Amino acid sequence: MQLSDQNQYTIQGIAPAQLVEQFGSPLYVYDGQTIRRKAAALQKAFSGVNMKIKFACKSNTNLAVLRLMREIGVELDVVSPGELEMGKLAGYQANQITFTPSGVPFYEVKEAVEAGAIVNVDSLPLLEWFGQTFGNTKPCLIRIKPNVAAGGHAKIMTAHADSKFGISVLLLDQILEIVKKYDIKIIGLHQHTGSDIKDAEPFLKVADILFETAKHFPDLEIVDLGGGFKVSYMPGDAITDMELLGNKITARFKKFCSEYGRELQLWFEPGKFLVSESGNLLVTTTVVKEDPARNFVHVDSGLNHLIRPMMYGSYHHILNTSNPTGEEKPYNVVGYICETDTFASDRHLPEVRQGDILAFLNAGAYGFTMSSNYNARFRPAEVLVDNGEARLVRRRETLEDLLLTQQGL
Ligand code: LLP
């Protein structure tokens with residue numbers, strides 16, 4: 001969202017009010033230019049090595065976004081057969097897609113492998129099954145749990161000892177035994193530390209653990225360091241310094257490759273870094289309630305559309321796009337769901353009036369994909385603004401959509 005010289009917010013020159021008038025409210029709007037800029041920054045930071053980006057599409061599976069990713073040379077990381085199909089529909093070849101399951105039924109892994117995707121094996125039983133099923137005929141990566149705790153919130157840390165994800169690095173002997181027994185072709189090691197990681201240090205720590213572990217696998221082609229780069233949710237928030245991280249990881253990776261004796265590919269799987277800032281959730285103020293304790297602003301949305309504030313206590317910056325220069329007042333911005341769905345408490349916003357359009361920033365990642373039909377509410381429409389043009393890329397749901405799977409109507 002940009003602020004023009006006339007103090008008007010716009011997305012590539014288009015006013016939120018115009019978007020809401022054309023496509024309705026609430027509305028997810030993605031700025032394609034921001035996605036291109038973020039991907040380019042990541043590519044630049046790691047330009048010294050053979051690096052591939054695998055977009056963690058759990059953060060945003062709109063096909064228009066996936067197609068844009070494909071256009072700009074970003075490949076995919078998926079976690080389910082559904083996401084794999086989305087990737088294929090967006091035009092990806094299966095071999096550009098990595099399947100990173102988390103305790104899924106083995107038949108899903110079989111289908112993914114048979115479709116041509118590359119799998120990150122995340123447990124010893126799955127590794128054993130993989131060996132029995134495919135022997136040395138199909139390559140795979142192994143997801144290592146390095147036992148490092150990092151991330152912006154306990155719920156989004158995925159590499160500490162208590163985390164359910166991956167195979168503990170302490171089980172290396174057992175991994176090697178199974179690999180040897182079935183002669184499994186391990187082409188890569190993978191790990192993902194967590195989300196919202198600001199400092200370079202945890203990334204370097206896990207990279208070192210992975211490089212050390214890699215010495216036991218002679219046929220590697222890939223080291224995958226996952227995603228988790230921190231974006232700025234709050235104005236002035238410190239974010240991952242990508243240039244610094246790029247320099248540091250590049251130096252270590254090059255050293256590792258020369259010790260290993262071969263050039264390897266370095267993969268990353270960012271979700272938020274690529275799409276979070278591109279997305280805005282536009283909502284309309286339904287009621288302004290001046291309660292003795294608080295001023296409440298109700299909007300035509302709730303935890304059914306953007307659950308991050310309620311689930312992780314996440315801060316999303318809010319703009320009153322209808323009154324950018326109004327006098328600031330404190331508000332609790334709340335939803336219309338029959339739960340305490342507070343988006344923001346005691347937030348200072350330019351005076352909010354009924355009908356004003358508010359924008360929740362940084363809603364491009366884990367916004368729509370985590371939405372639901374709670375309270376029999378419809379999910380919002382999605383719009384992609386690219387090259388100065390706004391295009392509807394998902395229509396708003398209707399009652400028919402809600403009833404589609406119910407029987408005996
Ligand atoms: N790779 C793997 C294996 C992952 O599990 C994830 C995220 C990513 C990559 C991408 O992480 P990112 O770059 O987006 O931080 N819903 C939470 C985040 C959950 C992340 C789950 N895994 C949120 O809204 O903060």
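User: Domain bounds here come from an automatic or database domain assignment. Into which domains is the chain divided?

Analyst: Quick heads-up: this is a predicted model, with local features needing pLDDT of at least 70 and side-chain atom pairs counting only at pLDDT 80 or more, while totals for chains, interfaces and linings use all residues. Residues are numbered from 1 along each chain as its sequence is written. The C-alpha centres of the two domains lie 33 Å apart. The chain splits into domain 1 (2-30 + 278-403) and domain 2 (46-275).

User: Where does the ligand lie relative to those domains, and why?

Analyst: The ligand's shell has 21 residues, with A56, S195, G227, G271 and Y366 the closest; a residue counts as near if its C-beta atom, placed from the backbone, lies within 6 Å of the molecule. Domain 1 and domain 2 both give residues to this shell, so the ligand lies between them.

User: Which helices each supply at least two residues of that shell?

Analyst: Helices (H or I, at least four residues) and strands (E, at least two) are DSSP runs, numbered from the N terminus. On that basis, the helices each giving at least two shell residues are α10 (272-275) and α11 (308-312).

User: By class, how many shell residues are nonpolar, polar and charged?

Analyst: Ala, Val, Leu, Ile, Met, Phe, Trp, Tyr, Cys and Pro count as nonpolar, Asp, Glu, Lys and Arg as charged, and the others, Gly among them, as polar. Sorted that way, the shell around the ligand has 8 nonpolar, 9 polar and 4 charged residues.

User: Which elements give two or more residues to the side of domain 1 that touches domain 2?

Analyst: Contact means two C-beta atoms, placed from the backbone, within 7 Å. By that cut-off, 18 residues of domain 1 are in contact with 17 of domain 2. The domain 1 side divides into 8 nonpolar, 8 polar and 2 charged residues. The elements giving it two or more residues are β19 (381-386) and β20 (389-394).

User: Which residues of helix α1 are buried, and which are exposed on the other side?

Analyst: Buried means 20 or more other C-beta atoms within 10 Å of a residue's own, exposed means 12 or fewer, and partly exposed is in between, with C-beta atoms placed from the backbone. The buried residues of α1 (16-23) fall within an arc of 95 degrees, so they line one face of the helix; the arc is that of the directions from the helix axis to the C-beta atoms. Their cover includes β2 (9-10), β3 (27-31) and β13 (279-290). Buried are P16, L19, V20 and F23; exposed on the other side are E21 and Q22.

User: Is K54 buried or exposed?

Analyst: K54 is found in strand β4 (51-56). Not counting residues up to four places away in sequence, K54 touches E75, L76, D77, T98, W267 and E269. Because 24 other C-beta atoms lie within 10 Å, K54 is buried.

User: How far apart in space are Q191 and R143, C-alpha to C-alpha?

Analyst: Q191 is in the loop between β10 (185-190) and α8 (200-214), and it counts as buried with 27 C-beta neighbours inside 10 Å. Q191 touches several residues beyond four places away in sequence, including R143, I144 and P146. Q191 and R143 are 48 residues apart in sequence, and their C-alpha separation is 5.3 Å.
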